[in-house]
Amino acid sequence: MTDTTTTPPPPQVWPSLRAKDARALIRFLVEAFGFEETVVYGDGDQVDHAQLTWPLGGGIMLGSARDDPFDQWPLRAGTFGAYVVAEDIDALHERAAKAGAEILKPPFDTDYGSRDFTARDPEGNLWQFGTYRGESPVPAPTD
């Protein structure tokens with residue numbers, strides 16, 4: 001049995017987004033923020049599916065925006081936002097700024113003990129990186 005008070009569960013939520021230029025966005029997210037390219041499927045400029053892994057766990061999935069009325073996943077490019085747990089916020093902020101991320105809010109300390117910064121990627125998606133890991137889930141009572 002896993003101790004849920006100290007051990008976070010493995011990631012089970014994988015946010016998804018679409019991009020006008022998915023291949024360029026993948027390169028940017030790897031260079032600017034440190035995501036790791038795990039898989040990319042598609043031909044030419046078209047990305048049918050990509051998985052980028054976050055070094056601390058989890059990741060995102062993305063693909064090319066489609067102009068298809070029968071699209072089963074009709075997400076608009078540039079409408080995504082995420083909070084990503086990171087360790088060295090100041091170094092990550094510097095890396096992101098050097099790679100061309102639009103910095104909306106430079107590193108700051110929150111009233112709940114996190115160090116964060118906020119950026120926008122070239123597609124318009126919002127990213128907030130911070131040290132806040134969330135609260136541990138309360139274990140279910142046992143009978």
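View A. Gly-59 is buried, its relative accessible area being 13% (buried: under 20% relative accessible area; exposed: over 50%; partly exposed: in between; 1.4 Å probe, protein chains only). The model is predicted: local features need pLDDT of at least 70, side-chain atom pairs count only at pLDDT 80 or more, and totals for chains, interfaces and linings use all residues. Residues are numbered from 1 along each chain as its sequence is written, and side-chain values use heavy atoms, with hydrogens and water left out. Gly-59 belongs to strand 4 (helices, H or I of at least four residues, and strands, E of at least two, are DSSP runs numbered from the N terminus). Neighbours within four places in sequence aside, Gly-59 contacts Trp-14, Pro-15, Leu-52, Thr-53 and Trp-54 (contact: heavy atoms within 4.5 Å). From Gly-59 to Gln-72 the C-alpha to C-alpha distance is 22 Å, at a separation of 13 residues in sequence.

**View B. Pairing of strands 3 and 4.** Four bridges join strand 3 (residues 49-53) to strand 4 (residues 59-64) in the antiparallel sense (two strands pair if DSSP finds at least two bridges between them). Ala-50 has Leu-62 of strand 4 as its bridge partner.

View C. Four strands in the order 1-4-3-2 form an open sheet with mixed pairing. Strand 1 (16-19) and strand 2 (36-41) are the edge strands, each pairing on one side only. From one strand to the next, the twist averages 25° (axes are lines fitted to C-alpha atoms, for helices over the stretch in contact; angles run from 0 to 180 degrees between N-to-C directions). Helix 1 (residues 22-33) packs on the sheet and touches strand 1, strand 2, strand 3 and strand 4. The direction of helix 1 makes about 155° with that of strand 4.
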